[in-house]
Amino acid sequence: MDTNTILMYIHAYGYMIIFLFLFFGIIGIPAPEESLLFLLGVLIAHQQLAWEYCLLAGLLGVNVGMLSAYGAGFFLGHPFINKYGKYVGINKDRWRKAEETFRKYGRWTVLFGYYLPGIRQISPYIAGMTNFPFVPFLLLSCTGSLLWTLPFVLLGAFFGERFNISLSYIPLVGLGLFGFFILGVWLNQMMRKKQYGNR
């Protein structure tokens, strides 16, 4: 989805579309989350949108998405895995290991997983499926959402005030961040292989 389409939706439906885009992005339906947040900052800098309403709509969309995914994992996750897990290679042993890993690192995954495409979508489902305590999940989710949305909006506002940014380039923000994520995963794998090779 290009920037002009997003702008058309924002102008047609107002701040509700910001809520919906981020909600759908969190529950796993493809949406340009980082690009949208950066775009919001640029539009705020150009005084086309109100700062407080953008942030409120964005945070509500992210957190309602996280809570919905947590609820889906809690109520539907285990029956789904038990019935269909074998078709995608998830057996009881692998699921037990995944649960142990999430219980060990789950707090950090929920808090900082927003910055990792794919992780931010799957972490609330796994949190629900592993019976991660609800109140800590809610607090970590709300804190993490603020730490994720605010910097992107501020970055967009900063560049929007100082540079004449062509809106057609804004989707490249999301692609660039995804590229850095892939590069980081690749470097991590290479370092692990090198570490095991030296043993």
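Is F112 buried, exposed or partly exposed? F112 is partly exposed, because its relative accessibility is 40%. The cut-offs are under 20% relative accessible area for buried, over 50% for exposed and in between for partly exposed (1.4 Å probe, protein chains only).

## Basis

This is a predicted model: local features need pLDDT of at least 70, side-chain atom pairs count only at pLDDT 80 or more, and totals for chains, interfaces and linings use all residues. Residues are numbered from 1 along each chain as its sequence is written, and side-chain values use heavy atoms, without hydrogens and water.

## Helix α2

Helices are DSSP runs (H or I, at least four residues), numbered from the N terminus. Helix α2 covers residues 16-27. Its 12 residues should span 16 Å at 1.5 Å a residue, and the end C-alpha atoms are 17 Å apart, which agrees. The expected span is 1.5 Å times one less than the number of residues.

Buried residues in α2 include I17, F21 and I26. G28 follows α2, with a positive phi near 115 degrees.

## Aromatic pairs

Rings of Phe, Tyr and Trp (its six-membered ring) pair if their centres lie within 6.5 Å; planes under 30 degrees apart are stacked, over 60 edge-to-face, the rest tilted. The count is 13 aromatic pairs. W108 and F112 are a stacked pair, 6.1 Å centre to centre with 5 degrees between the planes. Both lie in helix α5 (residues 92-112), four residues apart. W108 is exposed, at 56% relative accessibility.

Y114 and W148 also stack, because their centres are 5.6 Å apart and their planes at 20 degrees. This pair links distant parts of the chain: Y114 is in the loop between α5 and α6, and W148 is in helix α7, 34 residues apart. Y114 is buried at 1% relative accessible area, and W148 is buried at 0%.

Definitions and conventions. Helix = DSSP H or I, 4+ residues; strand = E, 2+ residues; numbered from the N terminus.
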